[in-house]
Amino acid sequence: MLPRHLRALRTKLPRRAAAYSTEAPSVSGPAFGLNETQRDFQQLARSFTAKEIIPVAAELDRTSAYPWEIIKSAHAQGLLNLHIPEAYGGLGLGVLDCAIISEELSFGCSGVQTAMEANGLAQAPVILAGSEALKEKYLGRMTEEPLVCAYGVSEVGAGSDVAGIKTRAVKEGDHYVINGAKCWITNGGHANWYFVLAITNPDEKPHKSMSGFVVDGKTAGITVDPKLMNMGQRCSDTRLINFDNVVVPAENMLGKEGDGFKIAMGAFDITRPLVAAGAVGLANRAFTEAAKYALDRTTFGKPIIKHQAIAHMLADMAIGVESSRAMVWKAGWMKDQGQRNTYYASIAKALASHHAVSNANLAVQIHGGAGYNNEYPVEKLFRDSKIFEIYEGATQIQKTIIAGHVEKDFA
């Protein structure tokens with residue numbers, strides 16, 4: 001059940017294409033301002049971040065504790081599972097709406113935002129290709145209580161090279177038996193269910209050889225390795241998940257055999273703008289912390305913001321935040337209008353990731369020696385930032401996608 005304040009907001013949402021559909025509604029053209037409802041969501045997320053994320057972010061980083069209390073509170077306030085359509089108890093927000101919220105959450109802690117947004121990544125294939133029964137069962141439960149789910153595609157030998165996965169699913173009567181292992185799975189140790197990509201027909205070409213399944217987290221044969229201790233985003237839970245003769249009902253397949261690769265890749269058009277939004281949130285936090293410090297810190301008789309070297313760093317940081325946000329909004333807006341946004345989603349992901357890392361680096365530089373210890377938050381931001389250039393498709397993969405579109409457009 002949605003909180004009352006969100007039920008009121010939902011009634012004000014503009015008409016849009018059905019969730020992730022290709023049917024575009026009529027629009028008057030691009031706009032750079034937010035509507036009243038989007039501003040309300042932005043303020044809700046901003047207030048939540050200030051009250052519930054920022055005060056505990058440093059402690060979560062020190063302890064690497066999973067942010068369950070924040071997730072429970074976010075669920076109660078309607079800030080979790082934002083993609084889920086109204087028919088299954090959710091808000092059915094568009095990609096742009098979710099990007100606005102994700103940026104605000106990541107401003108507080110990108111590790112918390114990653115834990116929350118990982119739900120959206122796992123849910124996207126179900127929304128795109130799940131049967132009504134699967135949607136009711138697995139999306140419906142997410143709105144009823146604070147649960148998390150996980151997207152299981154990457155493997156030890158298959159990160160960017162999805163075609164290299166080895167996990168197999170063999171049909172036996174009315175079920176499939178899955179064997180293999182998935183690595184670097186966000187929320188892996190706490191997931192109520194997993195989206196799992198597996199080979200069902202090894203004789204087919206790679207993009208036709210895979211199928212996607214929804215697998216209950218408590219199914220016999222699933223074992224979860226200890227949490228991987230990452231450089232940054234330490235409160236996010238990253239695991240290796242083992243599947244040893246895991247029996248999955250045939251009706252838990254998404255689409256039909258051979259559709260898995262297309263479904264898994266289709267989810268990225270939704271989720272890459274949202275990961276990019278998280279990168280914008282971190283870049284903006286680094287910029288904010290650096291600007292405040294530059295106004296307060298004095299050298300040679302004046303605030304360091306008055307020194308051109310520092311001022312130009314801050315100008316570069318501002319450029320990075322604003323340009324990245326604009327591209328995130330464009331990629332999200334296009335998807336919401338039913339237009340294919342793969343090219344722009346990759347640009348948003350590459351650009352925002354770059355500026356997250358760059359801004360965090362500049363923030364440390366502006367803080368000087370103070371930025372190299374945990375007295376100030378920029379040390380954590382620096383460690384947290386790097387993963388944006390790696391997960392959800394490394395920057396080099398995004399550039400390969402972009403280059404492919406350029407070659408096709410100019411051929």
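**Questions on the fold and its residues**

Biologist: Among contacts in the protein chain between residues at least 6 apart in sequence, what percentage join residues at least 24 apart?

Modeller: A contact here means heavy atoms within 4.5 Å. Among the contacts between residues at least 6 apart in sequence, the part that joins residues at least 24 apart is 76%.

Biologist: What pLDDT do local features need?

Modeller: Residues are numbered from 1 along each chain as its sequence is written, and side-chain values use heavy atoms, with hydrogens and water left out. This is a predicted model: totals for chains, interfaces and linings use all residues, side-chain atom pairs count only at pLDDT 80 or more, and local features need a pLDDT of at least 70.

Biologist: What is the radius of gyration of the protein chain?

Modeller: The C-alpha trace spans about 80 × 55 × 50 Å along its principal axes. The radius of gyration is taken over C-alpha atoms, and the globule rule is 2.2 Å times the number of residues to the power 0.38. For 411 residues a compact globule would have a value near 22 Å, and the protein chain agrees with this at 21 Å.

Biologist: What percentage of the residues of the protein chain count as buried?

Modeller: The accessible surface (Shrake-Rupley method, 1.4 Å probe; for residues, only the protein chains shown count as cover) comes to about 18,000 Å², of which 54% belongs to carbon and sulfur atoms. A residue is buried under 20% relative accessible area, exposed over 50% and partly exposed in between (1.4 Å probe, protein chains only). Of the 411 residues, the buried part is 56%.

Biologist: How far apart are the mean positions of the positive and negative charges of the protein chain?

Modeller: Lys and Arg count as positive and Asp and Glu as negative, while His and the chain ends are not counted; each charge is placed at NZ of Lys, CZ of Arg, CG of Asp or CD of Glu. There are 42 positive and 42 negative charges, and the distance between their mean positions is 4 Å.

Biologist: How far apart are the end C-alpha atoms of helix α9?

Modeller: Helices (H or I, at least four residues) and strands (E, at least two) are DSSP runs numbered from the N terminus, and the chain has 11 helices and 10 strands. Helix α9 covers residues 342-367, of which 19 of 26 are buried, so the helix is largely enclosed by the rest of the structure. The expected span is 1.5 Å times one less than the number of residues.

Biologist: Which residue follows α9?

Modeller: The residue in this place has a positive phi, near 65 degrees. The residue following α9 is glycine 368.

Biologist: Is alanine 286 buried or exposed?

Modeller: Alanine 286 is placed in helix α7 (residues 260-296). Leaving aside neighbours within four places in sequence, alanine 286 is in contact with Met317, Asn359, Ala360, Ala363 and Leu381. At 0% relative accessibility, alanine 286 counts as buried.

Biologist: How far apart in space are the C-alpha atoms of glycine 320 and histidine 354?

Modeller: Glycine 320 belongs to helix α8 and is buried, with a relative accessible area of 1%. Glycine 320 and histidine 354 are 34 residues apart in sequence, and their C-alpha distance is 8.6 Å.

Biologist: Which residues does leucine 60 contact, leaving aside its neighbours within four places in sequence?

Modeller: Leucine 60 is in helix α2 (residues 36-63) and counts as buried at 11% relative accessibility. Its C-alpha atom is 9.3 Å from that of serine 236, 176 residues apart along the chain. With the neighbours within four places left aside, leucine 60 is in contact with Ala65, Pro67, Ile70, Val112 and Cys235.

Biologist: What is the phi of glutamine 233?

Modeller: Glutamine 233 is found in the loop between β6 (222-224) and β7 (238-249), and at 5% relative accessibility it counts as buried. Although glutamine 233 is a residue other than glycine, its phi is positive, near 45 degrees.
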